[in-house]
Amino acid sequence: MSLRRERVELKTPEQIAVMRRSGKLLSQVHDMLADAIRPGITTAALDSLAEEMIRDHGARPNFLGYHGFPATLCISVNDVVVHGIPDDTALAEGDVVSIDGGCIVEGWHSDAARTHIVGAPRREADTALVQLTEQALWAGIAALATAERVGEVGAAIEDFVTEAAGETLSHLEGFGGHGIGTVMHQPPDVMNYRTRSRGPRVKPGMCLAIEPMLIQGPGDWDLEDDDWTVRATGGGRAAHWEHSVAVTAQGLVVLTAADGGAEGLAHHGLTPAPDPLAA
Ligand code: MG
């Protein structure tokens with residue numbers, strides 16, 4: 001254990017505006033993928049579509065080459081929770097597919113994930129899993145709006161999941177969100193549940209990726225031989241939702257939401273800060 005405090009990179013309003021451009025492009029990439037996803041398409045084909053769109057906009061994928069990761073997207077199907085590697089697997093009706101991606105615009109990173117059900121769901125529990133994970137994300141984002149310490153985000157996510165899902169869903173222990181900016185992963189950690197650490201003080205200029213990952217049933221998991229794929233071993237499926245969020249003096253901007261977070265925050269009686277690109 002170290003007493004050294006991790007340095008948190010605080011961004012200027014101008015830097016947050018560039019991060020918003022990065023996040024907005026990523027949101028458009030996710031919209032494109034939502035339209036493209038269908039039975040029969042391979043996860044490698046989705047990956048190519050995302051890389052092409054990011055590069056067409058003069059940006060770069062940030063997952064590709066990250067500690068050797070071989071693709072633009074992590075695509076995690078059914079019992080794969082996170083970090084699935086795109087391949088020639090064709091998606092089937094009812095598959096639960098988490099797509100995580102990010103890009104770099106003028107040196108500034110974005111990172112966001114959404115989970116889709118391909119066509120009609122196989123089980124009602126799959127629909128509940130996907131919806132509750134997205135709602136858990138917004139519970140965490142809403143907590144950040146008034147939090148004094150970063151640890152309040154994880155506490156809010158844990159409380160939401162306990163209340164909404166009881167024992168039916170588990171957190172992926174040991175994984176969580178992170179600071180984001182000039183690199184994709186930077187301090188502080190943003191866990192998805194309560195920990196002993198309250199975390200650093202929330203300050204304007206802080207940019208965080210918040211990303212609950214939930215599994216049906218027990219939260220046991222294994223790392224596959226490829227050293228990336230995290231697979232649930234309790235028989236359940238998994239979902240993963242993520243946004244990159246900026247704390248500003250005027251409030252939050254959800255950088256990777258098309259509307260800056262207006263709709264998601266409205267459910268919590270909150271309004272995002274003015275969009276840095278609207279001025
Ligand atoms: Mg992330």
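1. Donors are here N, O and S atoms within 2.8 Å of the metal, and because water is not among the atoms, sites may look incomplete. The model is predicted. In it, Asp111 (OD), His178 (NE2), Glu211 (OE) and Glu242 (OE) coordinate the magnesium ion at 2.1 to 2.4 Å.

2. Along the chain, the donors of the magnesium ion are spaced as D-x66-H-x32-E-x30-E. The pair His178 and Glu211 links distant parts of the chain, 33 residues apart. His178 belongs to strand 7 (residues 176–179), whereas Glu211 sits in the loop between strand 9 (207–210) and strand 10 (213–216). Both His178 and Glu211 are buried.

3. Asn62 lies in the loop between strand 1 (60–61) and strand 2 (73–77). Asn62 counts as buried because its relative accessibility is 6%, and buried means under 20%. The side chain of Asn62 forms a polar contact of 3.1 Å with that of His109. Leaving aside residues up to four places away in sequence, Asn62 touches Gly102, Cys103, Ile104, His109, Ser110 and Met184.

4. How many disulfides does the structure hold? There are 0 disulfides. Cys74 is in no disulfide, and the nearest cysteine sulfur, that of Cys103, is 14 Å away. A disulfide would require the sulfur atoms to be within 2.5 Å. Cys74 has 5% relative accessibility and therefore counts as buried.

5. Cys207 is likewise in no disulfide; for Cys207 the nearest cysteine sulfur is that of Cys103, 14 Å away. With a relative accessible area of 2%, Cys207 is buried.

Note on methods. Residues are numbered from 1 along each chain as its sequence is written. This is a predicted model: local features need pLDDT of at least 70, side-chain atom pairs count only at pLDDT 80 or more; totals for chains, interfaces and linings use all residues. Side-chain values use heavy atoms; hydrogens and water are left out. Donors are N, O and S atoms within 2.8 Å of the metal (3.2 Å for Na, K and Ca); water is not among the atoms, so sites may look incomplete. Helices (H or I, at least four residues) and strands (E, at least two) are DSSP runs, numbered from the N terminus. Buried means under 20% relative accessible area, exposed over 50%, partly exposed in between (1.4 Å probe, protein chains only). A polar contact is a pair of N or O atoms within 3.5 Å; within protein, one must be able to donate a hydrogen and the other to accept it, and residues adjacent in sequence count only if both atoms are side-chain atoms. Contact means heavy atoms within 4.5 Å.
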